[in-house]
Amino acid sequence: MHKARSTGYTGHVAAAEFTANPPPEPDEPHSLRAEQVAQTRAALVTAGRQLFGSRGFAATSVDDLARRARVTTGALYHHFSTKANLFEAVFMAAHDEILTQAAKAANDAPTDVEFLARGFDAFLDAVLKPDLARIVVIDAPAVLGLARYTELDEQYAFASIVTALKAAADSGQLAVADPQTLARLLLGALTRGAMLITNSVEPARTRDEVSAAVRAMLAGFAAR
């Protein structure tokens, strides 16, 4: 609060100053509240990742999720209106994790084609992890619906694949007339390949076979 000026008449001056020039409101409560909200949401997504990944969507209840996150069911519903909405957030986080791994694996690739191949291989490696496979490959199409699943899948990976295909075409490594269509076809092949891996009695061997097939597809577009 402002101090009154050192004049004989102080009351109205001090009041006028305070009214006309109020001190800034402290932002600590707002920042603390935002941090608490973010922490609660993160705890729910982490709980979802653990339980959806280990038990699957159908076998995981809202009570299970709230208990694992150490929040009330009311808090869960405050952040996510349905269990499926929480699953979508978990799916997006898992997808982001996979793309980060793919980018790291492909970072030092010597060519644009190898950049793509290494990124695809990293995705197939991720599918070998049971929790990621259950979330991203097994449950996601059914829980999200095919349209939403495809939308989110393309939202994360599509642009990167198109960019790499264009770079490979510009450098003369690949002959690609329509990078966007090819990117979608490659994404479809990877999705089907991932399903083959998760349903295989020998996942590691199937992963290698899928990788070889995808690399052969890329080689088929090599510039002559």
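A residue is called buried when its relative accessible area is under 20%, exposed when it is over 50%, and partly exposed in between, with a 1.4 Å probe and protein chains only. The structure is a predicted model, in which local features need pLDDT of at least 70 and side-chain atom pairs count only at pLDDT 80 or more, while totals for chains, interfaces and linings use all residues. Residues are numbered from 1 along each chain as its sequence is written, and side-chain values use heavy atoms, with hydrogens and water left out. The chain has ten helices and zero strands, where helices (H or I, at least four residues) and strands (E, at least two) are DSSP runs numbered from the N terminus.

**Overall fold**

- Of the 224 residues in the chain, 37% count as buried.
- Among contacts in the chain with a separation of 6 or more, 66% are between residues 24 or more positions apart, a contact being heavy atoms within 4.5 Å.

**Helix 8**

- Helix 8, which covers residues 146–170, has 25 residues and reaches 33 Å from its first C-alpha to its last, close to the 36 Å expected at 1.5 Å a residue; the expected span is 1.5 Å times one less than the number of residues.
- A kink of about 45 degrees is centred on Ala-157 in this helix, the bend at a residue being the angle between axes fitted to the seven residues ending there and the seven starting there.
- The buried residues of helix 8 include Tyr-149, Tyr-156, Ala-157, Phe-158 and Leu-165, and what covers the buried residues of this helix includes helix 5 (83–106), helix 6 (112–127), helix 7 (130–144) and helix 9 (179–198).
- Gly-172, which follows helix 8, has a positive phi near 80 degrees.

**Helix 10 and Arg-207**

- The 17 residues of helix 10 (residues 203–219) should span 24 Å at 1.5 Å a residue, and its end C-alpha atoms are 24 Å apart, which agrees.
- In helix 10, Thr-206, Arg-207, Val-210, Ser-211, Val-214 and Leu-218 are buried; they cover an arc of only 140 degrees around the axis, which puts them on the same side of helix 10, the arc being that of the directions from the helix axis to the C-beta atoms.
- The cover over the buried residues of helix 10 includes helix 6 and helix 9.
- Arg-207 has a relative accessible area of 12% and is therefore buried; leaving aside its neighbours within four places in sequence, Arg-207 is in contact with Asp-121, Leu-124, Asp-125, Leu-128 and Ile-197.

**Aromatic pairs**

- Rings of Phe, Tyr and Trp (its six-membered ring) pair if their centres lie within 6.5 Å, and planes under 30 degrees apart count as stacked, over 60 as edge-to-face and the rest as tilted; by this rule the count comes to four aromatic pairs.
- The rings of Phe-57 and Phe-87 have centres 5.6 Å apart and planes at 80 degrees, so this pair is edge-to-face; Phe-57 lies in the loop between helix 2 (28–54) and helix 3 (62–69), and Phe-87 lies in helix 5, 30 residues apart.
- Phe-57 is buried at a relative accessible area of 17%, and Phe-87 is buried at 0%.
- Phe-91 and Tyr-149 form a tilted pair, 5.8 Å centre to centre with 55 degrees between the planes; Phe-91 lies in helix 5 and Tyr-149 in helix 8, so the pair ties together parts that are 58 residues apart in sequence.
- Phe-91 counts as buried at 0% relative accessibility, and Tyr-149 counts as buried at 7%.
- One aromatic cluster is formed by Phe-52, Phe-57 and Phe-87.
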